[in-house]
Amino acid sequence: MKKLWNAIPWWGRKLIQYVLVTTFWLGIWALAAYGVGESLLLPTPIEVLKRLCELCGQADFWTTVVTSLGRILYGVVIAVLCGTLLAAATHFVPFLYTLFYPLITVIRSTPVASFIILAYLWIDRNTLPSFIAVLMVLPVVWANLHEALGAVDKQLLEMAEAFGFSGWKKLVRIYLPSVIPAFLASCRSSVGLAWKAGVAAEILIVPLVSIGRMLSESKLYLETTDLFAWTLTVILLSLLLELILLFAIKGLSRRGKSRLPSEVTDHE
């Protein structure tokens, strides 16, 4: 049996594992649903999947999904840019670290729900999910990049000075290869966080076109199957985003390897 298993390609083994794990938990869900015996309280997996397929055939479903995704990803992009610039500024200008550290600490410590309620006093409901995504992602990107910049090998920097590297070459050959792993890891961890926080914001403030609105209305009208179908949509979209980002991380990691030895050789 072990030889047969090892003969299967790695991707085939992974696929089999995912199928078995998914089947196991769907079985647990089905048993719980049949035990309850009431779809209003707990629909079966088949009922939820059937309803999700029906929703996928509606244009409004895709409009809602794309709108929510667009809002949250827009916030993620803004947060990544701002977090990167802030990390660089606080690393090279220590006073800025002292200045901004209390603000970042407050953002990281305050519950998401409190930010949503407070921000709703000043920010339009259609913009608020993007703002919440920024608040969730920016501290993660800033903390990881600031730490990575502080961990850059000092000997490499001294070597670059000795060989007369320009500021741009230091950035490309030393700083970027050192911080890219931390940058990509922070992006991967923060995208899921931003997605969940953004949907939570939509549930509380109910924008006109949003997944949060559909979840809120499903709960309000006791459409439990719809509630589960939209929740499953959120989970699948989160997994899809992480999968896309994982492939992007692997590709960028290969390109982001340092070539400092060759540069040193060239200067010699």
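The model is a predicted one, so to speak of local features a pLDDT of at least 70 is needed, side-chain atom pairs count only at pLDDT 80 or more, and totals for chains, interfaces and linings use all residues. Residues are numbered from 1 along each chain as its sequence is written, and side-chain values use heavy atoms, with hydrogens and water left out.

The chain is built from 12 helices and has zero strands; helices (H or I, at least four residues) and strands (E, at least two) are DSSP runs, numbered from the N terminus. Read from the N terminus, the elements go α-α-α-α-α-α-α-α-α-α-α-α. Of the 268 residues in the chain, 35% are buried. Here buried means under 20% relative accessible area, exposed means over 50%, and partly exposed is in between (1.4 Å probe, protein chains only).

In H5, a kink of about 40° sits at phenylalanine 100, shortly before proline 102. The end-to-end length of H5 (residues 94–109) still works out: its 16 residues should span 22 Å at 1.5 Å a residue, and the end C-alpha atoms are 23 Å apart, which agrees. The expected span used here is 1.5 Å times one less than the number of residues in the helix. H7 bends by about 25° at valine 137, and proline 139 follows within four residues. For H7 (residues 128–150), the 23 residues should span 33 Å, and the end C-alpha atoms are 33 Å apart, in agreement. H7 is also largely enclosed by the rest of the structure, because 18 of its 23 residues are buried.

Next come the charged contacts. A search of the whole structure turns up four salt bridges, a salt bridge being a side-chain nitrogen of Lys or Arg within 4 Å of a carboxyl oxygen of Asp or Glu. Arginine 51 takes part in a salt bridge with glutamate 54, at 3.1 Å from N to O. Glutamate 54 and arginine 51 are three residues apart in helix H3 (residues 45–56), so about one helical turn separates them. An α-helix has 3.6 residues a turn, so residues three or four places apart point the same way. Glutamate 54 is partly exposed, at 38% relative accessibility.

Arginine 51 also forms a salt bridge with aspartate 226, and here the closest N and O atoms are 2.7 Å apart. This pair links distant parts of the chain, with arginine 51 in helix H3 and aspartate 226 in helix H11 (residues 224–255), 175 residues apart. Aspartate 226 counts as buried, at 13% relative accessibility.

Another salt bridge joins arginine 71 to glutamate 202, with the closest N and O atoms 3.3 Å apart. Arginine 71 lies in helix H4 (residues 59–92) and glutamate 202 in helix H9 (residues 167–205), so the pair ties together parts that are 131 residues apart in sequence. Both ends are tucked away: arginine 71 is buried at 10% relative accessibility, and glutamate 202 is buried at 0%. As for shared partners, salt bridges join Arg51, Glu54 and Asp226 into one network.

On the surface, Val21, Phe24, Trp25, Ile28 and Leu31 make up a nonpolar patch with about 550 Å² of accessible area together. Patches are made of residues with over 30% relative accessible area and no salt bridge, with like charges joined within 9 Å and nonpolar side chains (Val, Leu, Ile, Met, Phe, Trp, Tyr) within 5 Å. The areas come from the Shrake-Rupley method with a 1.4 Å probe, and for residues only the protein chains shown count as cover. Valine 21 belongs to helix H2 (residues 10–36) and is partly exposed, with a relative accessible area of 47%.

Turning to the cysteines, the count of disulfides is zero, a disulfide being a pair of cysteine sulfur atoms within 2.5 Å. Cysteine 82 is partly exposed, at 37% relative accessible area, whereas cysteine 187 is buried, at 11%.

Two loop residues have backbone angles worth a look. Most residues other than glycine have a negative phi. Valine 206, in the loop between H9 and helix H10 (211–220), has a positive phi of about 50° although it is not a glycine. Leucine 222, in the loop between H10 and H11, has a positive phi of about 55° and is not a glycine either. Leucine 222 is exposed, with a relative accessible area of 57%.

How values were computed:
The bend at a residue is the angle between axes fitted to the seven residues ending there and the seven starting there.
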